[in-house]
Amino acid sequence: LFPAISYDVTITLDGRQQFGDVLQQLQDKHEWLESVRIVDTYSGKPLPLGSHNVTLRFTYRAPDKTLTEGEVKPVHEKIVSLI
């Protein structure tokens, strides 16, 4: 396996949004996106009642080469913009 590049992103979900819906939006968005998983959650002050922060770890890996930051960063930014 070639090395992976990972990024953590924290998003705020209100009481109407479900994490499963967010994951469904992200599935199969790019061949390099190996996984998206929850690494932390938080609810409480200063977030509004019913809202919570979810920190997601996005892991990217190519099957045939070592990816560079310059290759992955634009892909990651495009995927995160879908949330």
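**Entry 1: aromatic rings**

I searched the whole structure for aromatic pairs and found 1. For a pair, I required ring centres of Phe, Tyr or Trp (its six-membered ring) within 6.5 Å; planes under 30 degrees apart count as stacked, over 60 as edge-to-face, and the rest as tilted. The pair is Y7 with Y60: the centres lie 6.2 Å apart and the planes stand at 70°, so I noted it as edge-to-face. The two tyrosines are 53 residues apart, Y7 in strand β1 (residues 5-13) and Y60 in strand β3 (residues 52-60), so the pair links distant parts of the chain. Strands here are DSSP runs of E with at least two residues, helices are runs of H or I with at least four, and both are numbered from the N terminus.

A note on the source: this is a predicted model, where local features need pLDDT of at least 70 and side-chain atom pairs count only at pLDDT 80 or more, while totals for chains, interfaces and linings use all residues. Residues are numbered from 1 along each chain as its sequence is written, and side-chain values use heavy atoms, with hydrogens and water left out.

Are Y7 and Y60 buried or exposed? Y7 is buried at 11% relative accessibility, and Y60 is buried at 0%. Buried means under 20% relative accessible area, exposed over 50%, and partly exposed in between (1.4 Å probe, protein chains only).

**Entry 2: the sheet**

Next I traced the strands. The 3 strands make an open, antiparallel sheet in the order β1-β3-β2, with β1 and β2 (33-42) as the edge strands, each pairing on one side only. Strands pair if DSSP finds at least two bridges between them. I found 9 bridges between β1 and β3 and 8 between β2 and β3. I5 stands opposite Y60.

In β1, I sorted the faces: I5, Y7, V9, I11 and L13 are on the covered one, and S6, D8, T10 and T12 on the uncovered one.

**Entry 3: T55**

I then stopped at T55 in strand β3, which is buried at 14%. Its side chain makes a polar contact of 2.8 Å with the side chain of T10. That term means N or O atoms within 3.5 Å; within protein, one must be able to donate a hydrogen and the other to accept it, and residues adjacent in sequence count only if both atoms are side-chain atoms.

Contact means heavy atoms within 4.5 Å.

In α1 I found F19, V22 and L26 buried. Seen down the axis, the buried residues fall within an arc of 60° (taken from the directions from the helix axis to the C-beta atoms), so they line one face of the helix. Their cover includes β1, β2, β3 and α2.

Last, I checked H76 in helix α2. H76 is buried at 5% and, leaving out residues up to four places away in sequence, touches Y7, V9, F58 and Y60. That brought me back to the two tyrosines of the aromatic pair.
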